[in-house]
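The exercises below concern helix packing, nonpolar cores and backbone angles. Please work through each task with the structure open before reading its solution.

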Amino acid sequence: MPETASARRAIGLIVPSSNRVVERVAARLLAGTPEIDCCIARVPYDGIVAAAPAAGYRLEPFDTAAMLLEEARVDTICWNATRGAALGFAADRDLCRRIEDKTGIPAVTTALATLALLGAEPGRRVGLITQGDEAESLHVAGQFRRGDVDIREHLWLGITNNLDAAHLTGDRLLAEARTLAARSRLDTILVWSTNLSGYAAGLAADPASDPAILDAAEIGINAALISTSARQQR
């Protein structure tokens, strides 16, 4: 008897329009769970935020993306992007509430999931790798510190074109992570862009000598999977 659509679980990911990495990470993470589908919607990429604007997100594209994912009957919707840290985490909390109100589907974001993950382990000595310029790096580091995350060092890659970030290799990111970790004996490196191959850098790392490498895209997808599993158990 063929499997019915209602018997399958699905996560829904909203990603910036120029993202090329989230699909790669999702394919690897979901390779061992063929019973879970991954549905992806896109919203326009608005560029790097160096300081939090009062306006926050442009919400209409998110409304459209979320309602399209609702048509696919996903179990959880995740905004798999790092913008929430630059805007201020309250913007992501408001976005989750809006998505849930419009669709009835639980919503998570990469930024909020990262804050919860690092907040649950306050002893981590964290280094931050960001995509853009020094101003962005300083701003995001400050936002995490205000969220009680111990950012000890930060490094910026100077990439202003989001599509260019997707072409940076995992080996290059691993080298940058090692350079950053050596400055302050860091135990954790957070690669803060879902369009950087932090996941590939983590796979190439040596667990015995390298710091733990946390990939933003992976954090968001795992948060969606955890939410979906929790919903299934209700």
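Axes here are lines fitted to C-alpha atoms, for helices over the stretch in contact, and angles run from 0 to 180 degrees between N-to-C directions. Helices (H or I, at least four residues) and strands (E, at least two) are DSSP runs, numbered from the N terminus. This is a predicted model, in which local features need pLDDT of at least 70 and side-chain atom pairs count only at pLDDT 80 or more, while totals for chains, interfaces and linings use all residues. Residues are numbered from 1 along each chain as its sequence is written, and side-chain values use heavy atoms, with hydrogens and water left out.

**Exercise 1.** Describe how α4 and α5 cross, and which residues make the contact.

Solution. Begin with the axes: those of α4 (residues 89–103) and α5 (residues 110–119) come within 9 Å and cross at roughly 120 degrees. The two helices are therefore oblique to each other, given that angles under 35 degrees count as roughly parallel, over 145 as roughly antiparallel, 65 to 115 as roughly perpendicular and the rest as oblique. Next, list the contact (heavy atoms within 4.5 Å): F89, D92, R93 and C96 of α4 meet A111, L112 and L115 of α5.

**Exercise 2.** Determine how α5 is placed against α10, and which residues meet.

Solution. The axes of α5 and α10 (residues 216–232) come within 8 Å and cross at roughly 90 degrees, so these helices are roughly perpendicular to each other. On the α5 side the residues are T110, A113, T114 and L117, and they meet A216, I219, G220 and A223 in α10.

**Exercise 3.** Find which residues touch the most other members of the largest nonpolar core, and which element gives the most to this core.

Solution. A nonpolar core is a set of buried Ala, Val, Leu, Ile, Met, Phe, Trp, Tyr and Cys residues joined through side-chain atoms within 4.5 Å; buried means under 20% relative accessible area, exposed over 50%, partly exposed in between (1.4 Å probe, protein chains only). The largest core has 58 residues, of which I14, F144, L190 and W192 touch the most other members. The element that gives the most to this core is α10, with seven residues. Leaving out residues up to four places away in sequence, L190 touches several residues, among them T114, L118, F144 and I219.

**Exercise 4.** Locate D148 and R185, and decide whether each is buried or exposed.

Solution. D148 lies in the loop between α6 (134–146) and β6 (151–156), has a positive phi of about 70 degrees although it is not a glycine, and counts as exposed at 66% relative accessibility. R185 lies in the loop between α8 (170–184) and β7 (188–192); R185, also not a glycine, has a positive phi of about 50 degrees and is exposed, with a relative accessible area of 75%.
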